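Here is a short tour of a model, written for someone who likes cut-offs stated plainly. Please have the viewer open as you read.

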Amino acid sequence: MNLAQQLRDFLESVEQPCTRKVEKAIQTTGCTLERIAPFIKGPGDRLKYGRNVILRSDLFEGLVINLPGGVATPVHDHGESMGCVYVISGAFINRLYMVEENSSKVMPFSESRVDKGESLFIERGVIHSMYNPGKERMISLHVYFPPLSGNRIYPSEVVESF
Ligand SMILES: [Fe+2]
């Protein structure tokens, strides 16, 4: 069974999903680089990174991100969704942002590194970006619940470090 089908099966057995249960489902699936390889997409014309939705049900959305070295995603939220990001190869810097009072601008306030084999939990309302500080690509599997809807991108200056 391929990775996307197996992940879908494990997720279907999760009752009352929370980030830890979703992390467990991802880990149980056995997400090796070899198994996820058929689902990795390259950066396209519109995006500087690869983004491939590998499953979408009424309850869950799963996608694979391919973030090349030196590239950051836009600053974004996840609508009403929560989720779990599991790093399969490489590492990224998770930058957290807050919306400035009386403004639509966002300001970074924290950053942390997420390495291969580690998970990042996305709680509701989180605004963040993912930055790959290395030379090698970063590959991660993301599972959101409910499926992403109404997620927003925020204008921000590119910040290499702060
Ligand atoms: Fe995100």
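## Charged pairs

Asp115 counts as partly exposed, at 27% relative accessibility. Here buried means under 20% relative accessible area, exposed over 50%, and partly exposed in between, with a 1.4 Å probe and protein chains only.

Before going on, note that this is a predicted model, in which local features need pLDDT of at least 70 and side-chain atom pairs count only at pLDDT 80 or more, while totals for chains, interfaces and linings use all residues. Residues are numbered from 1 along each chain as its sequence is written, and side-chain values use heavy atoms, with hydrogens and water left out.

How many salt bridges does the structure hold? There are three, where a salt bridge is a side-chain nitrogen of Lys or Arg within 4 Å of a carboxyl oxygen of Asp or Glu. As background, side chains of opposite charge can pair when their charged atoms come close.

| Glu61 | Arg56 | 2.2 Å |

Strands are DSSP runs of E with at least two residues, numbered from the N terminus. Glu111 is partly exposed at 36% relative accessible area, while Arg95 counts as buried at 3%.

## The histidine site

Which residues does UniProt list for "binding site"? The unreviewed entry gives His76, His78 and His128. These span 53 residues in sequence, yet no two of their C-alpha atoms are more than 9.3 Å apart, so they gather at one spot. UniProt positions are given in the numbering used here, feature names are shortened, and annotations may be inferred rather than shown by experiment.

His78 sits in the loop between β3 (75-76) and β4 (82-89), and His128 belongs to strand β8 (residues 127-131). Are they buried or exposed? His78 counts as buried at 3% relative accessibility, and His128 is buried as well, at 1%. Their side chains make a polar contact with each other at 3.2 Å; such a contact is a pair of N or O atoms within 3.5 Å, and within protein one must be able to donate a hydrogen and the other to accept it, with residues adjacent in sequence counting only if both atoms are side-chain atoms.

Leaving out residues up to four places away in sequence, His78 touches Ile122, Val126, His128, Tyr144, Leu148 and Asn151. Contact means heavy atoms within 4.5 Å.

## A buried asparagine

Asn66 is part of strand β2 (residues 61-67) and is buried, with a relative accessible area of 7%. A polar atom of the Asn66 side chain lies 3.0 Å from the backbone oxygen of Lys41. Beyond four places in sequence, Asn66 touches residues including Ile40, Lys41, Tyr49, Arg137 and Ile139.

Notes:
Helices (H or I, at least four residues) and strands (E, at least two) are DSSP runs, numbered from the N terminus.
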